[in-house]
Amino acid sequence: RNPALRPGLSTISMLCVVLLPPEEWPGRASAPTSVELRFVRSASELDAADAAAAEGIVAVPGCDIGALRGLLAALPRCAWLHSFSAGVDGIAPVLRETPDTLRASNARGAFTSSLAEYALAAALHFNKQVPRCMANRAAGRWERFTMNVLRGKTLGLLGYGSIARATAKLAAAFGMRIIALRRNVGGEAGEVVPEATYGYDDRAAFFGAADFIVCSLPATGETRHFVGAAAFEAMKESAVFISLGRGDVVDEAALVAALSRGRICGAALDVFEQEPLPAESPLWRCERLLLTAHNADLTSDYFEAGWATFVANAEAAAAGRPLLTPVDKSAGY
């Protein structure tokens, strides 16, 4: 982590209201002392003086959308809304309703390194045939099968934000070739620049070229079920699909069908259309599927990292500078 972003290193003259989810939120215990905070679940819990003085809101994942609308209406000086999570799809309807004068930010980049590591771990899980190794150990079987390598394989990054750029850096260390697909082609930056970048209209060519596809697209109206039956049909039979952005981006029924008939080699999912994943979901029974409970970024310093990004944005907001991780309210990310 960047030590310059640690909570508590400076005092910021600003009062912010943290809108909590209905259940107890562990992040409250590690809240920074550098910003004056009020923790509420609705505007009715604020006294008149705090409502009049508050300049910012922190939306915690799972907070009530109606309560967020009520809070915005109750804070006349509020000019900044920060999402504690990187994804803002949960509050996107409210963001689109706010005036241009209200700026928005998110936790983009706070949890990037863990997600990039997860992507490479999932790639290695299938590349090194870990399930086969475990089955051999359980059966007492000595099988000297040919071991695959990542070097020379093509990693396709579906979306090219902070998660994808961090994943590209790790993949490059393995000697992988990097390609990307993004909404707006051009100006790709980062320590590793993709060898080729595809636009949405060229998605079939992108899916067909990649050995491993890492999806980190945000959930928007445009990206819902972006990865569906046509995408899986376009992939190589040896391809592995890895999803760690938002569950709505993937048509889970199409993925189950692709895995069931061996259309692709395997998949790793950390995010789902419905969370927690229902017990009756056929995904639980899929072979060649690595499944985790949306915890690829739930590291021991998760809350500290999230608060650090908040503090950095609070400093910028208080000083009238551009936000560190601005959100395009109309685009939804």
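Analyst: Seven strands make up an open sheet with parallel pairing, in the order E8-E7-E6-E9-E10-E11-E12. Its edge strands are E8 (196-198) and E12 (289-291), each pairing on one side only. From one strand to the next, the twist averages 15 degrees. The model is predicted, so local features need pLDDT of at least 70, side-chain atom pairs count only at pLDDT 80 or more, and totals for chains, interfaces and linings use all residues. Residues are numbered from 1 along each chain as its sequence is written, and side-chain values use heavy atoms, with hydrogens and water left out.

User: How do you know that E6 and E9 pair?

Analyst: Two strands pair if DSSP finds at least two bridges between them. E6 and E9 have four bridges, in the parallel sense. Glycine 156 stands opposite isoleucine 213 in E9. Strands themselves are DSSP runs (E, at least two residues; helices are H or I, at least four), numbered from the N terminus.

User: What joins E9 to E10, and E7 to E8?

Analyst: E9 and E10 (residues 240-243) pair over four bridges, parallel. Valine 214 has isoleucine 242 as its bridge partner in E10. E7 (residues 177-181) is joined to E8 by three bridges, also parallel. There, isoleucine 179 stands opposite alanine 196.

User: What makes both faces of E9 covered?

Analyst: Phe212 and Val214 lie on one side, Ile213 and Cys215 on the other, and all are buried. Buried means under 20% relative accessible area (exposed is over 50%, partly exposed in between; 1.4 Å probe, protein chains only). As for helices, H6 lies across E6 (154-158), E7 and E9. H6 runs at about 175 degrees to E6.

User: Why does serine 216 count as buried?

Analyst: Its relative accessibility is 16%. That value sits below the cut-off, so serine 216 is buried. The residue is in the loop between strand E9 (212-215) and helix H8 (229-234).

User: Which residues does serine 216 touch?

Analyst: Leu158, Gly159, Ile163, Ala164, Leu244 and Gly245, leaving out residues up to four places away in sequence. Contact means heavy atoms within 4.5 Å.

User: Why is H4 called oblique to H6?

Analyst: The axes of H4 (residues 112-127) and H6 (residues 162-173) cross at roughly 55 degrees. Under 35 is roughly parallel, over 145 roughly antiparallel, 65 to 115 roughly perpendicular, and the rest oblique. Therefore H4 is oblique to H6. The axes come within 8 Å. Axes are lines fitted to C-alpha atoms, for helices over the stretch in contact, with angles from 0 to 180 degrees between N-to-C directions.

User: What makes the contact of H4 with H6?

Analyst: H4 brings Thr112, Leu115, Ala116, Glu117, Ala119 and Leu120. H6 brings Ser162, Ile163, Ala166, Thr167, Leu170 and Ala171. These divide into eight nonpolar, three polar and one charged. Nonpolar covers Ala, Val, Leu, Ile, Met, Phe, Trp, Tyr, Cys and Pro; charged covers Asp, Glu, Lys and Arg; the others, Gly among them, are polar.

User: What is the strand order in the open sheet of five strands?

Analyst: The order is E2-E1-E3-E4-E5, with parallel pairing. E2 and E5 (103-105) are the edge strands, each pairing on one side only. The twist averages 20 degrees from one strand to the next.

User: How do you know that E1 pairs with E2 and E3?

Analyst: E1 and E2 (residues 35-40) share six bridges, in the parallel sense. Cysteine 16 has leucine 37 as its partner in E2. Four bridges join E1 to E3 (residues 56-59), again parallel. In E3, valine 58 is the bridge partner of valine 18, and alanine 59 stands opposite leucine 19.

User: What makes E1 mostly covered?

Analyst: Seven of the eight residues in E1 (12-19) are buried. H2 lies across E1, E3 and E4 (80-83), at about 145 degrees to E1. H10 (residues 302-319) lies across E1, E2, E3, E4 and E5, at about 130 degrees to E1.

User: Why is glycine 62 called exposed?

Analyst: Its relative accessible area is 53%, which is over the cut-off, so glycine 62 is exposed. It is found in the loop between E3 and H2 (65-74). Beyond its neighbours within four places in sequence, glycine 62 is in contact with Pro21 and Pro22. Glycine 62 and proline 22 are 40 residues apart in sequence and 7.6 Å apart in space, C-alpha to C-alpha.
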